[in-house]
Structure formats: structure tokens, C-alpha cells
Amino acid sequence: MGVGIKDLGFGEVNGATVPKSQIPNPKSASGASLKVALVHDYLNQYGGAERVLEELHSLFPSAPVYTSMYWPEKMSPTIRNLDVRTSFMQRLPLVTRNHQPFLLLYPLAFESFDLSGFDVVISNSSAFCKGVVTHPGTLHICYCLTPMRWVWNYHAYVDRERLGWAARMVLPAAISQLRAWDVATAQNVDRFLSISRTVSARIRKYYRRDSTVIYPPVNCDAFQLGPARVDDYYLIVSRLIPYKRIDLAVDAFSRLGIPLKIVGSGGRDLPALRSRAGRNVEFVGRVSDAELKQLYAGCRALVFPGEEDFGIAPLEANASGRPVIAYAGGGALDTVHDGRTGVLFERQTVECLEAAIRRTEAIAWDSVELREHARQFDRQVFRERLLEFVGESVAAHAAGARFA
């Protein structure tokens with residue numbers, strides 16, 4: 001049984017109760033002596049996982065960050081100021097620029113870290129870093145962004161990535177080994193957090209473990225409501241890679257002739273997307289934070305055509321007072337309320353997306369209501385829930401709880 005704090009001020013641990021007063025706040029004097037380490041898969045690209053890492057470090061500012069490899073030039077100033085400790089993989093040639101060929105080395109990299117001096121280890125994992133080895137006295141909490149999607153959804157990954165015959169011959173054996181390793185190391189995690197109901201269901205299916213959903217943080221204050229009269233364009237904010245399904249939006253908007261702006265810093269799909277796009281589709285490329293804020297505030301709606309584990313962009317659009325058109329799958333089911341904060345479409349087809357666009361045009365959206373919805377996912381909500389979860393977990397672990 002897991003640990004939960006009840007309204008009466010008690011937590012239940014395998015049938016026993018723990019007074020809430022005994023649950024330390026990790027940032028209070030009673031919890032200040034706790035030594036915390038953060039673990040992250042790799043730091044060679046900046047995205048949603050790295051934003052979560054920044055928030056975790058803001059809660060535990062003395063915590064070092066352990067990771068397989070690190071490319072400082074690709075990181076934010078915040079991450080470049082952290083105490084980052086890398087594995088032996090950092091010394092491998094070209095590993096930061098092309099990390100996929102080193103697939104079978106990641107388990108060794110994370111198992112090589114000595115974390116014996118820490119009371120709490122928090123792994124921020126979508127792949128390998130939850131595999132760190134911790135001592136019995138150390139509490140290991142995994143904030144699971146997703147179980148390795150390319151391991152557990154291998155056939156879809158191979159088809160989408162258009163891998164050559166050589167890779168298709170070699171990969172299955174490696175994938176089989178990684179699945180076994182992934183399940184085994186999941187049993188060494190004390191408690192799982194998940195970023196959405198979809199990810200929680202995957203954790204239950206693949207690892208046979210329970211998890212608590214704490215949604216990733218959205219910096220609502222970084223966005224503002226736009227003018228009462230918005231512009232005529234729709235917006236995509238995304239990396240241009242296959243599973244994002246940007247091709248679906250390009251085809252739909254090209255057919256409709258409605259302006260679409262795509263913000264994204266390149267990606268291997270860019271040439272193919274350009275070749276199929278109509279003149280009304282604009283590839284904006286990378287933009288500054290200030291420019292992105294203006295693009296969000298001025299768009300008719302954000303388009304979110306892929307199936308994501310969670311998805312920060314829809315909530316950034318809502319924080320800017322703009323609705324979302326999203327595929328009805330994955331994390332969007334947690335964040336997009338059909339007809340209230342956006343429009344969901346059931347199938348990833350051009351026709352379904354076109355119908356969703358027409359529905360969006362027919363609704364009078366309330367920008368203040370959209371922003372209030374985004375506030376439910378604000379970074380302050382994340383911080384409060386995360387600290388409470390760590391505090392109760394520390395108390396339960398000290399009391400000898402066994403987590404399921």
C-alpha cells in the first residue's frame with residue numbers, strides 16, 4: 001500500500017498511521033540536514049524534462065545533478081550553474097551530439113554512480129536514470145516522465161523512424177535486454193511519481209507499480225493575455241520529429257488555406273514538412289521567449305496533433321488566453337477540456353483535424369477562463385505538491401514502510 005495524507009492529519013503506511021506533524025518539510029529546519037541528489041538521463045538537449053529538473057533543483061538547491069553526459073552549450077543558464085556530475089560516457093567521442101548508438105552503455109553509466117552519501121535520491125527519468133543503485137537507507141523517488149517509449153512501443157518506433165535493415169536486425173536483441181533491465185530496476189524505486197494519467201497507466205502495466213500523478217510545472221507568469229482581437233494565424237510550438245505528427249497539421253492547413261505558424265528549432269522532419277507545405281504555412285524556427293509570448297497571445301489557437309506524455313505547450317497557450325486543438329490521447333486528456341479550454345479530435349486524420357478547426361472557429365472563447373485553467377498547473381502548485389510528497393515519503397521510509 002502507498003502512503004497518503006488524510007484530512008484528519010494522518011498518513012497511512014501499510015495499515016499504520018503516521019501523524020502529519022511527524023512528516024518533515026524538506027526545506028524546513030527539521031528537514032534541512034537531508035542530503036538530496038538529483039539524477040537526470042542526459043543533458044544534451046533542452047526541453048520539458050530539463051524544465052522539470054530546474055524546478056526540482058529550486059526546491060533542493062544544494063543537490064548535485066548526476067547524469068550520463070552533459071553538453072553545457074545546449075543548456076539554459078540555470079542548468080549551467082548547477083553542480084553537474086557526469087558518468088564515464090562523457091569521455092566518449094561525439095556522445096553528446098549523437099547519443100543513440102551508445103544505447104547499451106546507459107545502464108552501466110547509471111549503475112556506476114556511488115550515491116551512498118545521500119538520504120534522498122530523486123530521478124527525473126524517461127529512460128535510464130531510475131536505474132541508479134541506492135543503499136537500503138536511501139529513499140529513491142522516481143519522477144517518471146514515461147517508461148522508455150521506444151522500448152515498450154518498439155514496432156511503432158521502428159516504423160516512425162524509418163530505420164534501415166541493419167538496425168532492424170540488431171535492435172530487437174538489445175530491446176529485449178533493455179526491457180528486462182527496465183522492469184528489474186523499477187523494483188528498486190521506492191515511490192513513483194508520474195506526469196499524467198497516461199504515464200501512470202504505463203507504469204502500472206509495465207512495472208506493476210502504483211504511482212501518484214503530479215503534473216509538470218507551467219510558468220504561467222511568463223505569459224500574458226493578448227489583445228481582445230487576435231490575429232488570423234494558428235500556432236504550433238514543437239520539435240519537428242515524426243511522433244509529433246506535424247505533418248498532419250501541415251496537410252490540414254495547406255488544404256484549408258488558413259495561416260499556420262510553426263515554431264521549432266529544426267529537426268529531421270523539416271525538409272519533408274517544407275516540401276508538402278502550402279504557402280500559408282510558415283516555418284518560424286527558433287524564437288526568443290519574448291517573441292514566443294507574443295505568438296501565443298496573438299494566435300487563434302495552438303495546434304497539438306501528436307500524442308504526448310503530457311504537453312506543456314497547451315497550458316502555455318491557455319495561460320496566454322488562447323484555446324488548444326489537440327489529439328484526444330495521452331496527456332492532452334488531462335489538460336484539454338473539450339469545448340471549454342480547447343477542442344479534441346478523436347482520430348489522427350486530416351479530416352478530423354479540419355473538423356476540429358471548424359469547431360474552434362465557432363466557439364467564443366473566454367481568455368480569462370482559459371488562463372485560470374492553466375493556473376491549476378502552475379509551478380507553485382507543482383512545488384507544493386512535490387514537497388508534500390517528499391516529506392510524507394521521508395517520514396514513511398523512516399518508519400519502515402514498504403511501498404508498492
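A residue is called buried when its relative accessible area is under 20%, exposed when it is over 50%, and partly exposed in between, as found with a 1.4 Å probe on protein chains only. The structure is a predicted model, in which local features need pLDDT of at least 70 and side-chain atom pairs count only at pLDDT 80 or more, while totals for chains, interfaces and linings use all residues. Residues are numbered from 1 along each chain as its sequence is written, and side-chain values use heavy atoms, with hydrogens and water left out.

**View 1. A salt bridge joins E55 and R379.** A salt bridge is a side-chain nitrogen of Lys or Arg within 4 Å of a carboxyl oxygen of Asp or Glu, and by this rule the structure has 20 salt bridges. In the one between E55 and R379, the closest N and O atoms are 2.8 Å apart. Because E55 lies in helix α1 (residues 48–59) and R379 in helix α15, this pair ties together parts that are 324 residues apart in sequence; here helices (H or I, at least four residues) and strands (E, at least two) are DSSP runs, numbered from the N terminus. E55 has a relative accessibility of 7% and therefore counts as buried, whereas R379, with a relative accessible area of 24%, is partly exposed.

View 2. The side chains of R149 and D309 form a salt bridge with an N to O distance of 2.1 Å. This pair links distant parts of the chain, since R149 is in helix α4 and D309 is in the loop between β14 and α11, 160 residues apart. R149 is partly exposed, with a relative accessible area of 30%, while D309 is buried at 8%. The charged end of R149 also sits over the ring of Y243, 5.1 Å from its centre; a charge sits over a ring if NZ of Lys or CZ of Arg is within 6 Å of the ring centre and within 35 degrees of the ring normal.

View 3. The side chains of K261 and E282 form a salt bridge of 2.8 Å, N to O. K261 belongs to strand β12 (residues 260–263) and E282 to strand β13 (residues 281–285), so the pair ties together parts that are 21 residues apart in sequence. E282 counts as partly exposed, at 39% relative accessibility. The charged end of K261 sits over the ring of Y233, 5.3 Å from its centre.

**View 4. F128 and W150 form a tilted aromatic pair.** Rings of Phe, Tyr and Trp (its six-membered ring) pair if their centres lie within 6.5 Å, and planes under 30 degrees apart count as stacked, over 60 as edge-to-face and the rest as tilted. The whole structure holds 16 aromatic pairs. In the tilted pair of F128 and W150, the distance is 5.9 Å centre to centre, with 50 degrees between the planes. F128 is in the loop between β7 (120–125) and β8 (139–144), and W150 is in helix α4 (residues 149–152), so that the pair links distant parts of the chain, 22 residues apart. Both F128 and W150 are buried, and together with Y42, Y106 and W181 they form one aromatic cluster.
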